[in-house]
Amino acid sequence: MSRARILLLNAALGPLDYRVPHGMTVEPGSIVEVPLGPRLLPGVVWEPERMPSDAEVGDNRLRNIVSVYKLPPLGTALRRLIEWTGNYYLAPPAAVLRMALASASALDDERTIVEYRLSGETPERLTALRQQGLERIGERQGLVRELATIAGVSDGVIRGLIKIGAIEAVLVHVDDPFPVPDAAFDPPELTPSQQEASAKLVGDVDAHAFAPTLLDGVTGSGKTEVYFEAIAAALNAGRQTLVLLPEIALTEPFLRRFEARFGCLPVAWHSGLRQSQRRRAWRAISSGEAMVTVGARSALFLPYAKLGLIVVDEAHETSFKQEDGVHYHARDVAVMRGRFEDCPVILASATPAIETRQQVALGNYAELKLPGRYGAAELPEIIAINLLTDPPPRGRWLAPTLVQAMAETLERKEQVLLFLNRRGYAPLTLCRHCGHRFQCPNCTAWMVEHRLAGRLQCHHCGHNMPPPQACPECGEVDSLVAVGPGVERIADEARELFPEAKVAIVTSDTLWSPAKAAEFVARMEASEIDIVIGTQLVTKGYHFPNLTLVGVIDADLGLQGGDLRAAERSFQQIAQVAGRAGRGEKPGRVFVQTHKPDAPVIEALVSGDAEAFYAAETEARADANAPPFGRLAAIIVSSEDQREAQAVAKAIGNAAPRVEGMEVFGPAPAPLAMLRGRHRQRLLVHARRALDVQDVIRDWLRGVDVPRGARVAVDVDPYSFV
């Protein structure tokens, strides 16, 4: 091979051709270093017939490949997955490849790296920023840039702390081997239904063939123990396993259960890892040394050497859908990776998505059911509280019936969970004098008060500010009032009602890392917490036998807006949080506060008739030709110039092709009309299932001239409609 096609990590470029120097050997998948202008960039050798180039030149104009990294080539299955993902989600293949080469430091052959940590010495005189750095870093260590990010200061502040001895250097060996899990370490005693399910999954692993399976079990039924047996089978066969989790905070409880079963921790992959940890994990995965990896959705694109099993836990979770960059859904891409790798895929869920249930109905996925809880645990009783007839007192948010149940639970020394999917103290702050509402200057969104942090914050772009003393509109002092409840406000009410109780708030603001999640779990198990107030972060994955009461503060919250999955999502979320109650020998109760007790979602939860709810929702989707029976794709135009965004969106709308079985709605301002300082317009494509909507959109957008200041993004199978 004297000429090679290289896919670089730059999404703005297509694949480019390079000369293979005499004596150098490359093959499809080889990771190489090539020149681009004055820079040297990594890239991957690709089959020319599978990756056409618009920039082909003669052999005499080719530049040489500089070097080949001493790493295993990216396998054929992963290359096919990158192609499929780029084609299906209309994303540049280079953007998908970047997720596979997710650790730049892993490409280098260095065995050690210098990191930094607190030395334990605190100088007598410190600036405010240096003091902030020391407080926020705590026990963590990392590169200078990583510590600066953790501390919220500049690199210079960290270097200053190093210079005065408050931070010390640590030599880290980055290629230390990972321990190997032992399939026979501590196998569990399974119930007959669990044994039957695990036997089917073990058979799929032993067959070394593509086999997607829905593992549908109620909360507390032991789904994890069942698919652990499939992981054991993969270990015995010498093949790797990938377990995907929807939230970083769920990693810690899973790691503990895994260690108890297999005798050591799996390899973790998530955004909270230090650069040295990512490098070590990436290289161990690509060499085949890392036998079990547990991680967030991005772990799906790592270069596993011998993948034998994929597990998607909590497979219904919407957080598996990536909302920026490449708009992929990890659940669906996991199935495709299983297909390309010829390995089984397990989708585990207590409330499977309608899309997954439809694949079962069509016979594309197998289904295994675990209808009962493990051991003596019983499903909790669910009771609706009609807020029209049993309202909270003025200025409060907890209904008397729920407060009474909390008092009884706390008296028995049992734990309470209150669920409200709203971070902060209040979702809106306004002036009682003139009515001014605090809106983010960069987004069409209200500023959320975070009273514990003393800030008003936008949950979309992160902009924050201290609450002003006077209204910026009318100048009235002390006129600002919080409107509506967030978890912090509910926590204040709980403390006021039960001053002796130990209250904890659990959101992404308080559980931002696996270490924080571990601390929370330890405090719950030690009975150092009586009342937990949390968002969707506490609805899944946790097992607290002494937690016997769950209160859902606002069951109607998720039903608002025009989201086609609103009812299904509300059912899943409330069913999941209800599943936290009564997981041990003590019975559990769930109180659901609602203004609409006759809503189908609430009736299904109270009656326990999930099948009737899913049947009605599925029928409504079919009647509307909505997913999974039809296709949706969103086209989002954004620009810092509002008129430019409108003009580009109008041009795209005017160029829309007339295709049988396809409708185009819009353009119109997006519900979130401005995001991070960019004005947004949306078009929505609705098509019949059989239509290759990707080809239609690709040809359609190719004919529209988009100015440099505007961006056009396509979201195939959208989950967010803002």
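**Figure 1. The Phe258 and Phe262 ring pair in helix α8 of the predicted model.** Helix α8 spans residues 251-262 and carries both Phe258 and Phe262. The two residues are 4 positions apart, about one turn of the helix. By the ring-pairing rule, the model holds 14 aromatic pairs. In the pair formed by Phe258 and Phe262, the ring centres are 4.6 Å apart and the planes meet at 40°, so the pair is classed as tilted. The relative accessibility of Phe258 is 0%, and this residue therefore counts as buried. Phe262 has a relative accessibility of 1% and likewise counts as buried.

**Figure 2. The aromatic cluster that includes Phe258 and Phe262.** One cluster is formed by Tyr227, Phe228, Phe254, Phe258 and Phe262. Among these members, Phe258 and Phe262 belong to helix α8.

Figure 3. Because its relative accessible area is 0%, Glu115 is buried. The side chain of Glu115 makes a polar contact of 2.4 Å with the side chain of Ser276. Leaving aside residues up to four places away in sequence, Glu115 touches Gln141, Gly142, Leu143, Glu168, Ala169, Val170, Val172, Arg274 and Ser276.

**Figure 4. Arginine charges over aromatic rings at Phe178 and Tyr719.** Arg280 places its charged end over the ring of Phe178, at 3.9 Å from the ring centre.

How values were computed: Residues numbered from 1 in each chain as written. Predicted model: local features only at pLDDT ≥ 70, side-chain atom pairs only at ≥ 80, totals over all residues. Heavy atoms only, no water. Buried < 20%, exposed > 50% of the residue type's maximum accessible area, 1.4 Å probe, protein only. Polar contact = N/O pair within 3.5 Å; in protein donor to acceptor, adjacent residues only side chain to side chain. Contact = heavy atoms within 4.5 Å. Phe/Tyr/Trp six-rings, centres within 6.5 Å; stacked < 30°, edge-to-face > 60°. Lys NZ or Arg CZ within 6 Å of the ring centre and 35° of its normal.
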